[in-house]
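Work through the exercises below with the sequence and the 3D structure open. Try each task before reading its solution.

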Amino acid sequence: MYPILNVAIHSTKIAGKIIIKYYNNYCYKKRTKQENKIFVNKIENEVKKTITHTIHKFYPQHIVIDSKKIINVKNKIYWYINPINGKNNFIKNFPYFTISISVHINNKTEIAVIYEPICNELFTCMRGKGAQLNGYRIRTNITRNLHESSLSINLFLQKKKCFLNYINIITKLFLIKNITEFRCIGSPILELAYVAAGRIDGFIQINHNPRNCSGAILLIQESGGLVTDFDGKKNYLFSGNIIAGNPHIVQSILSIINKKYTNI
């Protein structure tokens with residue numbers, strides 16, 4: 001497993017150099033929304049090709065796919081790539097976005113590498129081996145009380161129903177537990193990595209593509225954290241609804257968002 005992890009790290013570092021080059025050249029240049037889309041797609045394609053080429057130099061038999069696709073491959077090793085998670089941050093020159101690679105064996109995530117190139121922060125983990133940040137072991141925060149915690153809620157509001165669900169959850173957390181520290185970084189993978197490193201106490205996501213976060217979910221689990229859906233089960237890969245944090249925080253969030261509160 002360690003050679004595969006080393007290749008994943010090597011691939012993300014090479015991809016990081018590409019992204020930093022474009023990021024530095026992109027700063028302060030005004031473009032239309034369509035021009036931004038074309039530009040970011042160009043970078044994503046170059047990153048995907050570079051990572052795929054690097055992986056296949058060492059493991060030509062492995063399958064490399066975009067994280068937006070879902071496949072069901074048994075008895076095969078395949079790699080999910082997310083070239084830029086946090087595209088709008090990149091476009092706005094807000095330096096919080098990631099490159100992520102997760103390696104799956106028999107449809108089970110075994111290795112994850114998440115790289116934030118601007119701050120040069122590399123999150124890595126292997127199933128059963130713990131999680132690390134730049135080579136140092138990381139653990140989720142030990143905060144037990146929800147009212148003392150800071151939560152990240154990633155707001156993707158394309159649908160009215162999602163907006164209303166977010167408002168309902170935030171209102172419950174504010175009124176019942178008086179939580180006032182909410183964050184929205186704009187990169188769910190990075191936010192999950194920050195939960196694993198103890199920088200954020202909990203994370204909530206509604207109706208998101210969970211395949212994008214499969215590596216970050218393993219990172220949290222290997223750092224002692226817990227990931228569930230809104231029913232406290234493991235169906236987040238199908239529902240796209242995620243709650244993550246240390247076990248105390250996750251259980252507290254579950255008890256609040258599933259509680260009927262007549263004043264809301």
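**Exercise 1.** Which residue stands opposite Ile 242 of β12?

Solution. The model is predicted, so local features need pLDDT of at least 70 and side-chain atom pairs count only at pLDDT 80 or more, while totals for chains, interfaces and linings use all residues. Residues are numbered from 1 along each chain as its sequence is written, and side-chain values use heavy atoms, with hydrogens and water left out.
Step 1: helices (H or I, at least four residues) and strands (E, at least two) are DSSP runs, numbered from the N terminus.
Step 2: two strands pair if DSSP finds at least two bridges between them. Strand β10 (residues 202-205) and strand β12 (residues 242-245) have four bridges and pair in the antiparallel sense.
Step 3: the residue opposite Ile 242 is Gln 205.

**Exercise 2.** Describe the packing of helix α5 against helix α6.

Solution. 
Step 1: two packed helices are described by the angle between their axes and the distance between the axes. Axes are lines fitted to C-alpha atoms, for helices over the stretch in contact, and angles run from 0 to 180 degrees between N-to-C directions.
Step 2: for α5 (residues 188-196) and α6 (residues 214-222) the angle is about 5° and the axes are 8 Å apart. The two helices are therefore roughly parallel (angles under 35 degrees; over 145 is roughly antiparallel, 65 to 115 roughly perpendicular, the rest oblique).
Step 3: contact means heavy atoms within 4.5 Å. From α5 it involves Ile 189, Leu 192, Ala 193, Val 195 and Ala 196, and from α6 Ala 216, Leu 219 and Ile 220.
Step 4: nine of the nine residues of α5 are buried, so this helix is largely enclosed by the rest of the structure. Glu 191 is one of the buried residues.
Step 5: just after α5, Gly 198 has a positive phi of about 80°.

**Exercise 3.** What is the strand order of the open sheet of seven strands, and which helices lie on it?

Solution. 
Step 1: the order is β1-β2-β3-β4-β5-β6-β7, and the pairing is mixed. β1 (63-66) and β7 (136-137) are at the edges with a single partner strand each, so one side of each lacks a neighbour in the sheet.
Step 2: β2 (residues 77-85) and β3 (residues 98-105) run antiparallel, joined by seven bridges. Tyr 78 has His 104 of β3 as its bridge partner.
Step 3: helix α2 (residues 33-58) lies across β1, β2 and β3 and runs at about 150° to β2. α6 also packs on the sheet, where it touches β3, β4 (108-116), β5 (121-126), β6 (130-133) and β7, with its direction at about 95° to that of β4.

**Exercise 4.** Is Asn 45 buried, exposed or partly exposed, and where is it placed?

Solution. 
Step 1: Asn 45 is in helix α2.
Step 2: its relative accessibility is 39%, so Asn 45 counts as partly exposed.

Conventions: Buried means under 20% relative accessible area, exposed over 50%, partly exposed in between (1.4 Å probe, protein chains only).
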